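Student: I want to learn how to read ligand sites in a model. Where do we start?
Tutor: With the structure on screen.

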Amino acid sequence: MTAAQTSTRPQRSGGKELFVAQQLTKTFGRGRRTVDAVKAVDFTVVEGDITTIVGESGSGKSTLARMVLGLLPITSGTLTFEGRDVTHLRGAARRAYWRDVQAVFQDPFAAFNQFFTVRRLLERSLRLLGDARDGRQRMEEALAHVGFAAADVLDRYPHELSGGQRQRVMIARALMMRPKVLVADEATSMLDASLRVNVLNVLTDLRDELDMTILFITHDIGQACYIADRVMVLEHGVLVEQGPAEDVIFRPQQEYTQRLLADVPKLHQLPDPGPAGSAAVAST
Amino acid sequence: MTRLLDARNLRAAYRTQDGRLVRAVDDVSVHVDEGEVLGVAGESGCGKSTLGAILSLNVRSPLQVESGTLDIEGKRQDFGASAKIPRTWRGSVVSLLPQGAMNSISPTMRVRDLCFDVVRAHDRRARRSDALDRVRDRIADLGLPPRVLDAYPHQLSGGMKQRVVTVISTLLNPRLLIADEPTSALDVSSQRALIEMLKEMLEQKIMAGVIFVTHDLPVLRTVSDRIAVMYAGKIVEVADAGDLVDRPRHPYSAALLSSVLVPEPRYRTMRVKGIPGAPPNLLDPPPGCRFHPRCGLAMPQCHTDEPPTDGTELRYSACHWSAQHPGESVPVEAATRDELDGGEPLDRAGEPVALAGDGTGVGR
Ligand SMILES: Nc1ncnc2c1ncn2[C@@H]1O[C@H](COP(=O)(O)OP(=O)(O)OP(=O)(O)O)[C@@H](O)[C@H]1O
Ligand SMILES: Nc1ncnc2c1ncn2[C@@H]1O[C@H](COP(=O)(O)OP(=O)(O)OP(=O)(O)O)[C@@H](O)[C@H]1O
Ligand code: SF4
Ligand SMILES: [Mg+2]
Ligand SMILES: [Mg+2]
């Protein structure tokens, strides 16, 4: 069946601080048209954690992610990565940073050139980093992490892959760089429920097996609940609440967080019994 | 009750470059009554968007309707290449909000100009101020700030763009709206605002019906009156929304439900596995019941015999198990199995190919 108990979830945190953001701010536009998308946000991301950013549409989640990725100039505040200031990276320093910090975005369909095979897509990214030497090996390794045998997918075209398969290829592409951090912005929101848990399981395995640090952006509290170690809650650009997932999701302090949770559509009208009834089977 | 849309025995296929047929809609019958929201659910690649394209008469090569009939407001529709659809029919009688439309809005136009263009294409004499008043109202209904009107698409967040395309698709007050995954980028309160707007439009009879396509069952439960579950080109179960979610009769519906993640403490510690394997390649679907390779309740006849339909037009399940257990709901934990026949690891790329999202009619 589909549910299995893992008796203990390894208690996380205590790792070193990978990112430290202080008063991180992004303002778009000038004058009357100004949009304060992210307002003086302070947070730390601990190595080996899955940190989830939740909040309503337009609350600044993607903007925050793009600042962390160095894809968007930071208006004010500072961001450090492994103790180094990465607030205003450019050129070679920024490219070096991207070896450590990789991204997977929402649309697994848009990111593909439909005339390229998976092999060509992956080779291209390797080349962009000027790193084709052990390319073949890295490719196989990365595909294995997302549950693919290289021979089975390398020569396929995007239209020959399902949405979930494509998203796993995108994760593999990011993993090829052997990054320390993976930033996933709504990477699972276009997938159906079954593919979605598949990809979420890949992410938790990466954390557990490779000690990968993951910044996971989602509008869906159900997904945050399933994978997050820590949760950050954004409201109109302000970080209103953050902490261990259990606290934020089951004992929210802020009214906004409480409302986000209360709004979740109930699948069943009646309270559910135990863990998926008697469905649980042992899993490894 | 007046029947708004009535589709019978639709069969449609994509012709591949080497001339083979991918039958993405296979003997599908559905109807929508006036005032009703019909939900369509199913995994990626099961034919939901293809069905939406057919019902909105957006059938373009390589997709072809092979057989079946479609009546909209009592009028028989013609699918042929020569079918003459009045210019004003699309968008005002039936409006399709295609999947992924949020990613294909013209990047060079402001939202206000995009909206006015849609209205003017339909009615040359439309006044700009009238059109924009309507846009402003709907934008407010969906919880978007007024500045969205003056914004270019790149200045909007993902969920804002998704709501803008919904506004555009309802601007002409269509009789029937077919919305394909309109909430995938939306948080729950934005989802709710969108659902409330659609329901309000139905109540005020601005629209007469909605077909809501999504793989998100919790959303469908809130928005729709009835849900049709599709698997591999066929509708396998139809029921009232609450009934389908609480008492699914088809093992596939039960399996879909078991993959849904909700914020409850038990989800912190359990590993949800999803449905093993993937939907079949529709070039060559499995014989018998198409779900049998993945079904935890499969019996010998499932491998060979097309399942019978048990129930009525409003509540049925096409399944051998359902036929043997009339009126019973599937025990959710029994619906899926741990691995496919042959004990192959399920997550390998050897899984049957499901080509997702290519038939959505969205320009990319
Ligand atoms: N390039 C831009 N120019 C002007 N405003 C922008 C730009 N990009 C984003 N914004 C604004 O910043 C705010 C935050 O947007 P962001 O994309 O970060 O939201 P989000 O939390 O990711 O939302 P969603 O869940 O809908 O994706 C929004 O109000 C948006 O309109
Ligand atoms: N142009 C095409 N040529 C060949 N096959 C196609 C084409 N477009 C779609 N298909 C196939 O038709 C089937 C149904 O696709 P469709 O897009 O309708 O699925 P869907 O249920 O909407 O999936 P999703 O949830 O991913 O949007 C899929 O198996 C797909 O591979
Ligand atoms: S019991 Fe048989 S007919 Fe019913 S879904 Fe399973 S395989 Fe198909
Ligand atoms: Mg976003
Ligand atoms: Mg679709």
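Student: Which atom of B:Gln155 lies 2.7 Å from an oxygen atom of ligand 1?
Tutor: A polar contact is a pair of N or O atoms within 3.5 Å; within protein, one must be able to donate a hydrogen and the other to accept it, and residues adjacent in sequence count only if both atoms are side-chain atoms. Here a backbone N or O atom of B:Gln155 makes the contact. A:Thr63 uses a side-chain N or O atom, 2.5 Å from an oxygen atom of ligand 1. This is a predicted model: local features need pLDDT of at least 70, side-chain atom pairs need 80 or more, and totals for chains, interfaces and linings use all residues. Side-chain values use heavy atoms, without hydrogens and water; residues count from 1 along each chain as written, chains are lettered from A and ligands numbered from 1 in written order.

Student: Where does ligand 1 lie?
Tutor: Near means a residue heavy atom within 4 Å. Ligand 1 sits between chains A and B. Among the 19 residues around ligand 1, A:Ser57, A:Thr63, B:Arg147, B:Ser157 and B:Gly159 come nearest.

Student: Which residues coordinate the magnesium ion, ligand 5?
Tutor: Donors are N, O and S atoms within 2.8 Å of the metal (3.2 Å for Na, K and Ca); water is not among the atoms, so sites may look incomplete. B:Ser49 (OG) and B:Gln99 (OE1) coordinate the ion at 1.9 to 2.2 Å.

Student: Are B:Ser49 and B:Gln99 buried or exposed?
Tutor: Buried means under 20% relative accessible area, exposed over 50%, partly exposed in between (1.4 Å probe, protein chains only). Both B:Ser49 and B:Gln99 are buried.
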